[in-house]
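Open the model in your viewer and keep the sequence panel beside it.

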Amino acid sequence: MSEASASHAADRRELTAAQRNAVAELLRVSPVADELGRRFAQAGHELHLVGGSVRDALLGRLGNDLDFCTDAHPDETVKVIRGWAESIWETGREFGTIACQRDGLNLEITTFRAEVYDQVSRNPVVQYGTSLVEDLKRRDFTVNAMAVSLPDHRFTDPYGGLADLAAKIIRTPGTPQESFRDDPLRMLRAARFAAQLRFAVHPDVRAAMTEMAGDLDRITAERIRDEFTKLLCGADPITGLRLLVDTGLAERFLPELTGLKLTIDEHAQHKDVYEHTLTVVSNAMSLESDGCDFVLRMAALMHDVGKPATKAVGADGRVSFHHHEVVGARLTKARMKAMRYSKEITSQVVKLVGLHLRFYGYGRGEWTDSAVRRYVTDAGDLLSRLHKLTRSDCTTRNRRKAAQLAADYDALEERIARIAAEEDLARVRPDLDGNAIMELLGVPPGPVVGRAWQHLKELRLERGPLDRDEAEAALLRWARDEGIIG
């Protein structure tokens, strides 16, 4: 058999497997989907399972969220599903979408669309279409431009989506320039699908992404954030991140990532800090225990973004990045704020970036029990993630050094466990509470109590637990030194 024949045979096998997956997945949702299709047919309308739902069915990963399109307008759709759906939501009516729920499935039903974009923002001016093929053409990629009609299960694939699915290719139904001009967010979606599905981006699509990267500036920060979050949580975010950098898309909303390519690391063991960063992200993923940990992955991605601004070359030619974790934490906070991430997620990522170098003094034997307590207290609820980030940051090719760093961190974790068994490290508090401080010093609530509390906490971190007499004596000494009591 020739190489070409073998390739076609392999493609046919993949198509057959995909079709089997689709049948199995569709059978699971058919009772609801077919019943809905019959209701639309009885009302004189078409109904088609479409887009990502068909793609995911072919991949054997269909979830409980189903997308449909129809020639019925929203008012007509509501009439069809009223009394059948358990719940109905009309928040998407402006865009022709009515959502409902039935038997644990979330259904979105959208009128055929032939959208026209204003070419300034991504906001579409919705115009209802008249045919399924027209609706499919306006979709982002061929693998999302397939449909299954209901209830007869007729398959429609006018743009070769099934073949592209088998070949693992991301391609647009029309020209990529036309598609991206209509909706620039699709460029970021291409990178996201590459990360999620491990698909390759067609060369024409990649070229258009590079050519039109600046059009991403038309997209709101929130939409970019949502796509980027899905990309970073994909099965292969490294491919997606490389695509963002190589096409210039990253420069539009995450320039710190592109900036890492300019900085060679101090040991010249990697092509640049950018390559090191991608390795750290990959390492962090391998330490996840229950799906994507976005905070950990984002901290791994941002942990060295302070290096370009802190790079210095000494007289001996060695490169250093002193305090890059401090600068990196500040840059991370600013970038995540610009991308509209929540304050809670931002603060967690920023804290990890700021703490990621703390461990490196441990191996020199300089850490006291007090230093260990401070490490645990400063990390707080993020201690487990900090352990993972620190271990992930070791990308040296020197096996002996890598083994030593791993042994040092093992020793630190064992030491933390030992001290934690003796003390409640998760909740380091002063040995006297506010009420005891006020009673002992004879002061009312106010700044003095806060200062006294902080002093006792520092003492607790430094010396470990104190008994009541020791704590009271220490507080009185501090109060006399501060002139609070005579």
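Select Leu49. This residue sits in strand β1, residues 47-50. Strands (E, at least two residues) and helices (H or I, at least four) are DSSP runs, numbered from the N terminus. The model is predicted: local features need pLDDT of at least 70, side-chain atom pairs count only at pLDDT 80 or more, and totals for chains, interfaces and linings use all residues. Residues are numbered from 1 along each chain as its sequence is written, and side-chain values use heavy atoms, without hydrogens and water.

Is Leu49 buried or exposed? Leu49 is buried, at a relative accessible area of 2%. Buried means under 20%, exposed over 50%, partly exposed in between (1.4 Å probe, protein chains only).

Now show what touches Leu49. Leaving aside neighbours within four places in sequence, its contacts include Leu26, Val54, Phe68 and Met146. Contact means heavy atoms within 4.5 Å.

Next, select helix α9, residues 221-232. Its 12 residues reach 16 Å from first C-alpha to last, close to the 16 Å expected at 1.5 Å a residue. That expected span is 1.5 Å times one less than the number of residues. Colour its buried residues: Ile224, Arg225, Glu227, Phe228, Leu231 and Leu232. They pack against α7 (185-197), α10 (237-247), α11 (250-253) and α14 (294-302).

Finally, zoom out. The protein has 23 helices and 13 strands. Of its 486 residues, 49% count as buried.
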